[in-house]
Amino acid sequence: MQNVKPINQIKSLSRILPVKVTSGLPSFSMAQQKILIALALFMLVLIYFRFYSNLFFSSQEETLQEIAIEVKGEVLKPGVYLFQNPPTLREVIEKAGGLLEPARFDPPSFSEILQTGTLINVRKYSSQEIKVKIERMAANQLLVFSIPLDLNQVSINDLCLVPGIGESLAKEIVAYRERRRGFLSVEELKRVKGIGGKKYSSLKNFFIVHPQDKTGSPH
């Protein structure tokens with residue numbers, strides 16, 4: 001005779017055992033999740049600033065490459081004009097709208113190439129005569145356009161416009177220049193009383209020394 005299992009045993013076999021289903025992904029605590037979010041945000045910020053700084057510095061280099069020329073006097077539109085390449089005197093006068101009124105124009109040379117920071121002063125000497133004087137832009141304007149100041153031309157007041165230079169240090173720089181009959185290089189600033197290595201590093205980009213002739217006058 002066949003054995004018959006008890007009813008209660010059959011019921012136990014038919015019971016569905018609970019199974020815990022996992023997704024296969026690691027689970028993180030709340031603290032770990034916060035750390036991961038912070039790291040992700042940090043990476044995003046790092047990528048953003050790296051991209052943004054590249055754009056900023058590339059645009060800054062383009063700005064620095066522009067040639068700034070100031071025109072004042074007997075022209076229709078006096079002001080500061082920017083050029084992509086060093087312009088001729090003729091190009092600058094034309095960009096400033098030309099002369100206020102017809103006259104005999106006696107420029108040094110219409111084809112002369114001008115450097116950044118040049119000031120073109122167009123003056124009327126008589127009813128029929130206009131002359132051009134090529135000078136240097138004022139120190140405050142040069143600094144606005146990130147154009148270095150000539151150490152052999154700047155005054156005490158000009159030097160005081162440079163960040164990190166007060167009146168006493170400006171006087172020391174001018175006194176050194178007078179004793180030495182001019183600077184031969186920007187690096188000579190290190191020999192000025194009150195300018196150490198760290199100070200020199202913060203100042204050197206604000207200055208330039210143009211070549212001088214035998215009389216000590218800049219070209």
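Modeller: The structure holds 3 salt bridges. A salt bridge here is a side-chain nitrogen of Lys or Arg within 4 Å of a carboxyl oxygen of Asp or Glu. This is a predicted model, where local features need pLDDT of at least 70, side-chain atom pairs count only at pLDDT 80 or more, and totals for chains, interfaces and linings use all residues. Residues are numbered from 1 along each chain as its sequence is written, and side-chain values use heavy atoms, with hydrogens and water left out.

Start with Lys-133 and Glu-135. Their side chains meet in a salt bridge, at 3.6 Å from N to O. Lys-133 is partly exposed, at 49% relative accessibility. Glu-135 is also partly exposed, at 28%. (Buried is under 20% relative accessible area, exposed over 50%, partly exposed in between; 1.4 Å probe, protein chains only.)

Next comes helix H6, which spans residues 167-180. (Helices are DSSP runs of H or I, at least four residues, and strands are runs of E, at least two, numbered from the N terminus.) Glu-167 pairs with Lys-171 in a salt bridge here, and the closest N and O atoms are 3.3 Å apart. Why can these two be linked to a helical turn? Glu-167 and Lys-171 are 4 residues apart in helix H6, so about one helical turn separates them. Lys-171 has a relative accessible area of 43%, which means it is partly exposed.

The remaining pair is Glu-187 with Lys-190. Their salt bridge has an N to O distance of 3.4 Å. Glu-187 is partly exposed, at 48% relative accessibility. Lys-190 is partly exposed too, with a relative accessible area of 42%.

Now go back to helix H6 for Arg-177.

Arg-181 is another case. Arg-181 sits in the loop between helix H6 and helix H7 (197-203). Arg-181 has a positive phi of about 55°, although it is not a glycine. Most residues other than glycine have a negative phi. Ser-146 also has a positive phi, near 55°. Ser-146 lies in the loop between helix H4 (139-144) and strand S6 (149-150).

Last, the confidence. The mean pLDDT of the protein is 78, and 71% of its residues reach 70 or more. (pLDDT is the predictor's confidence in each residue, from 0 to 100.) Over residues 55-63 pLDDT stays under 50, and the model has 0 contacts there beyond four places in sequence. Residues 213-219 are also below 50 in pLDDT, but that stretch has 8 contacts in the model beyond near neighbours in sequence.

Notes: Contact means heavy atoms within 4.5 Å.
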